[in-house]
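Here is a short note for someone opening this structure for the first time.

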Amino acid sequence: MDKFVALKRILDCGVIAIVRASSSDGLVEAAEAIVMGGIVAVEFTLTTPDAVRLIGEARERLGERALIGAGTVLSEQDAEAVLEAGAQFVVTPALHQGVVETAHGAGVPVVPGAFTPTEMLTAWEWGADLVKLFPASTGGPEYLKAIHAPLPHVRLVPTGGVSAANASDYIRAGAVAVAVGGNLVDSAAIAAQEFWRLTETAQQLIAAVCKGRGDKSQ
């Protein structure tokens, strides 16, 4: 898939699901449930057991219905491993130029993490497709709004503490999308195999993003 097509799908949807868990059991099914709720971008973090294998399995199971990415990518070696497994976008929690360059070389979107204006601008100058504001909960929507004013060209994706309750606030503050982990990927629901709960939360997040964008049908 062309990088710009993949990026457009992420931006059109407006939500990246972050799958981070202590066990790999049920996570591909969880990803499918999230996609059924309307979220097309699903990120498996490398802190999750067997994450590289899960990326490949999710790609095979979901096909063109979803974009499967890798998160917590901390080195060029990590980036190469997830790209070989089929990752369609790469996310980091911090700045790492080698990861950005490796993703660029593979032609996939890359989303480095940053918190300060200097870090965000550095990420953008390196060629980041999106910049992950992390941890977003530290400053909330008001912090993002303050950053967005002098850096309106930097496409920010708040991560950390984002939920269906505040996603619309982040969008109104200037975020182009949001990334959601524990407030979407409920470990108790996965353990109970109540995947429908993830589908419902995904639908709520999509509705919140649409509301923030001014879609009055939501």
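1. A word on naming before we start. Helices here are DSSP runs of H or I, at least four residues long, and they are numbered from the N terminus. G140 lies in one of them, helix α7. Please keep in mind that this is a predicted model.

2. Is G140 buried or exposed? The cut-off for buried is under 20% relative accessible area. G140 has a relative accessible area of 10%, so G140 is buried. G140 and L46 are 94 residues apart in sequence. In space, their C-alpha atoms are 26 Å apart.

3. Helix α7 spans residues 140-148, and its buried residues are G140, L144 and I147. They cover an arc of only 75° around the axis, so they sit on the same side of α7. What covers these buried residues? The cover includes two helices, α6 (117-126) and α8 (167-173). It also includes the strands β7 (131-133) and β8 (156-158).

4. Now helix α4. Its buried residues are A79, V82 and L83. Viewed down the axis of α4, they fall within an arc of 100°, and therefore line one face of the helix. Which exposed residues are on the face turned away from the buried side of α4? That face carries Q77 and E84.

5. The cover over the buried residues of α4 includes the helices α3 and α5 (97-106). The strands β3 (67-71) and β4 (90-91) are included as well. Just after α4 comes G86, which takes a positive phi of about 110°.

6. Helix α3 runs over residues 51-62, and helix α4 over residues 76-85. They pack at an angle of about 30°, and their axes are 8 Å apart. Angles under 35 degrees count as roughly parallel, so α3 and α4 are roughly parallel to each other. The crossing of α3 past α4 is right-handed.

7. Which residues make that contact? From α3 come V52, I55 and G56. They meet A81, V82 and A85 of α4. By class, the contact of α3 with α4 has 5 nonpolar residues, 1 polar and no charged.

8. The crossing of α2 and α10 is right-handed. On the α2 side, the contact is made by A30, A33, I34 and M36. On the α10 side, L198, T199 and A202 take part. The residues of this contact divide into 6 nonpolar, 1 polar and no charged.

9. Last, a loop residue. Where is S163 found? S163 is in the loop between β8 and α8. S163 counts as buried because its relative accessibility is 17%. Leaving aside neighbours within four places in sequence, S163 is in contact with N183 and L205.

Technical notes: Residues numbered from 1 in each chain as written. Predicted model: local features only at pLDDT ≥ 70, side-chain atom pairs only at ≥ 80, totals over all residues. Heavy atoms only, no water. Buried < 20%, exposed > 50% of the residue type's maximum accessible area, 1.4 Å probe, protein only. Arc of directions from axis to C-beta. Contact = heavy atoms within 4.5 Å. Left-handed = near helix turned anticlockwise from the far one by under 90°. Nonpolar A, V, L, I, M, F, W, Y, C, P; charged D, E, K, R; others polar. Axes fitted to C-alpha atoms, helices over the stretch in contact; angles between N-to-C directions. Parallel < 35°, antiparallel > 145°, perpendicular 65-115°, else oblique.
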